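Please read them with the model open beside you.

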Amino acid sequence: MSDLKNIHEEYRTKLKEKLSLDQINQIKSDLFGKNGLISSQFKTLGSLDENKRKQFASELNKIKDELQNTISEKFKELELKKINEKLENEKVDITLPERPIERGKIHPVSQTIDEISSIFSEIGFSVEEGPDVENQYNNFTALNTPDYHPARDMHDTFYLDEQKEILLRTHTSPVQIRTMLKDKPPFKIIAPGRTYRSDSDQTHAPMFHQVEGLHIDKDINMGHLKGCLNYFIKEFFEIDKIKMRFRPSHFPFTEPSAEVDIGYEIKDGKIVIGEGDQWLEILGCGMVHPNVLRNVKVDPDKFQGYAFGIGIDRLAMLKYGINDLRAFFECDYRWLNHFGFDPLDVPTNYRGLSR
Ligand code: DAH
C-alpha cells in the first residue's frame, strides 16, 4: 500500500474510536499541521510528472476532505455532548420555594437631596461637592469668620488635631471657597452634604445635612436671592403660594445677612406650609461679603452675589411628617421601611429621571 493509503487507513480507524477533545486536536495537527502527514503529501506533488500528479492530487484531495469532515464531525459530537451534559447537570429545580426578595428603600434624606438638586438644576445651578474633613481656613478664615467667633469653639466644632487645623466641616459653606478657588466667575452652584457640630438633642444631631447655594455674577442682587428662594420653596413643598419673610440676621460671610421664615399653621394635627400666622425658620442667607470674594481672588468691585444655607433634615421632616430628627440616623430598619422611598416609584415632583 502506498504511504497515502496507509495514512488514510490508520487515521480512519483511529477516528472511529472514542476520543477526547485533546486527542482530536492532536490528530488534526498530526495530519494537517505545518509538517503534518497530509500536508507533507501535498509538498511531494511538485516532484511528480504531470499524469501522476493529476491522479495523485485528486486522490489526496479526496482523502483530505474525508478526514477533515470526520474530524469536524467529531468536534461537533463532542460539543453536543458537552451541552447535553450541562443541561443534565444544571437542571433548575422549579419545585424549590423562591428566596425572598428584599428591596431596599431610599432614605428620606437622600430622597430630599435628590429633590432639592433637581429643583435647583432646573434654574441653572450645578451641583458641587466638598469633603467632610476640612481645614480651618476653608471652614472659617476664608469665610471671614474671626478667630474669636464662638463657632470656632470646641463646644461647637469637632477638631481632628490639637493645632485646630483640621476639623469636620461645621457647614457646607467651605464648598463656596473651594468652588471659587478652582474656577473663574460667574458661579451658580449648590452643594448638598453632611455637616457636623458638637450638639445633640431632639432637634440637633452631631451629624446633619445642609445644602449651600452660591450665585456670583456682575449684577446679582437681593431681588434675585428672594426670587430664587421663593421658587425653590414653592417647588419643594409643591404649593402655589407661600408666605415668606426675610429677618435681618448676622453671618460673618454675608452682608447684609438674613434668616428666612416661612408661614405655616397646624390643621387637624398636621402642619400646613404656606398658610397661617406661625413662622418657621428654614435657612440663612445674604449677599456674599466682599472679604470672602477677596479671599478667593474675585474682585468685589466687579462681581457680587448671594449665598444661602438650608438645613436639609428639617425640610425632610416638614415635608414627610417626621417628628424626631434622631430617628434619621438610628438605622432602624423598620423606620426606614416605613418612611423610606421605593426606588422604583418615582415621586411626582422628582424630575431627576423623567425630564
Ligand atoms: N453656614 C450657615 C450655617 O451653617 C448658613 C448660611 C447662612 C449659609 C448664610 C450661607 C449664608 O451661605 O449666606 O449656619
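1. Asp299 counts as partly exposed, at 32% relative accessibility. The model is a predicted one, and in it the side chain of Asp299 meets that of Lys302 in a salt bridge, at 3.9 Å from N to O. Lys302 counts as exposed, with a relative accessibility of 51%. Elsewhere, salt bridges that share partners join Arg245, Arg247, Glu259, Asp261 and Glu281 into one network.

2. Two further pairs can be checked by eye. Glu88 and Lys91 meet through their side chains in a salt bridge of 3.9 Å, N to O. Glu88 is exposed, at 53% relative accessible area, and Lys91 is exposed too, at 61%. The side chains of Glu275 and Lys267 form a salt bridge of 3.3 Å, again N to O. Here Glu275 is partly exposed at 36%, and Lys267 is partly exposed at 44%.

3. How many salt bridges does the protein have? The count comes to 21. As background, side chains of opposite charge can pair when their charged atoms come close. The protein carries 49 positive and 58 negative side chains. The centres of these two sets lie 7 Å apart.

4. Asp313 deserves a separate look. Which side chain of opposite charge is nearest to Asp313, and how far away is it? The answer is Arg314, at 9.1 Å. A salt bridge needs a nitrogen within 4 Å of a carboxyl oxygen, and Asp313 has no salt bridge although this residue is buried. Leaving aside residues up to four places away in sequence, Asp313 touches Val109, Phe208, His209, Leu325, Phe328 and Phe329.

5. Asp313 belongs to helix H10, which covers residues 312–320. Is H10 mostly covered or mostly open? H10 is mostly covered, with 7 of its 9 residues buried. The buried residues are Ile312, Asp313, Leu315, Ala316, Met317, Leu318 and Lys319. Just after H10 comes Gly321, which has a positive phi of about 60°.

6. Lys64 sits in helix H4, residues 50–89. Lys64 counts as partly exposed because its relative accessibility is 21%, and buried would require a value under 20%. Lys64 and Leu31 are 33 residues apart in sequence, while their C-alpha atoms are 8.9 Å apart in space. Beyond residues up to four places away in sequence, Lys64 touches Phe32, Ile38 and Phe42.

7. The backbone has some features to note. Most residues other than glycine have a negative phi, and most peptide bonds are trans. Pro185 and Pro186 are joined by a cis peptide bond, with omega of about 5°. Pro186 lies in the loop between helix H7 (174–182) and strand S4 (187–196). A cis bond also runs from Glu255 to Pro256, with omega near -5°. Pro256 is in strand S7, residues 254–267.

8. Positive phi values in residues other than glycine come next. Lys164 is not a glycine, yet has a positive phi of about 60°. This residue is in the loop between helix H6 (136–139) and strand S3 (166–168), and Lys164 is partly exposed at 34%. Glu238 has a positive phi near 55°. Glu238 is in the loop between helix H8 (222–237) and strand S6 (244–251), and is partly exposed at 45%.

9. Last, the overall form. The protein has 11 helices and 10 strands. Its radius of gyration is 38 Å, whereas a compact globule of 355 residues would have one near 20 Å. Along the principal axes, the C-alpha trace spans about 115 × 55 × 45 Å. Buried residues make up 39% of the 355. Among contacts with a separation of 6 or more, 66% are between residues 24 or more positions apart. The protein exposes about 21,200 Å², of which carbon and sulfur atoms supply 50%.

Definitions and conventions: Residues are numbered from 1 along each chain as its sequence is written. This is a predicted model: local features need pLDDT of at least 70, side-chain atom pairs count only at pLDDT 80 or more; totals for chains, interfaces and linings use all residues. Side-chain values use heavy atoms; hydrogens and water are left out. Helices (H or I, at least four residues) and strands (E, at least two) are DSSP runs, numbered from the N terminus. The radius of gyration is taken over C-alpha atoms; the globule rule is 2.2 Å times the number of residues to the power 0.38. Buried means under 20% relative accessible area, exposed over 50%, partly exposed in between (1.4 Å probe, protein chains only). Contact means heavy atoms within 4.5 Å. Accessible areas come from the Shrake-Rupley method with a 1.4 Å probe; for residues, only the protein chains shown count as cover. Lys and Arg count as positive and Asp and Glu as negative; His and the chain ends are not counted. The place of a charge is taken as NZ of Lys, CZ of Arg, CG of Asp or CD of Glu.
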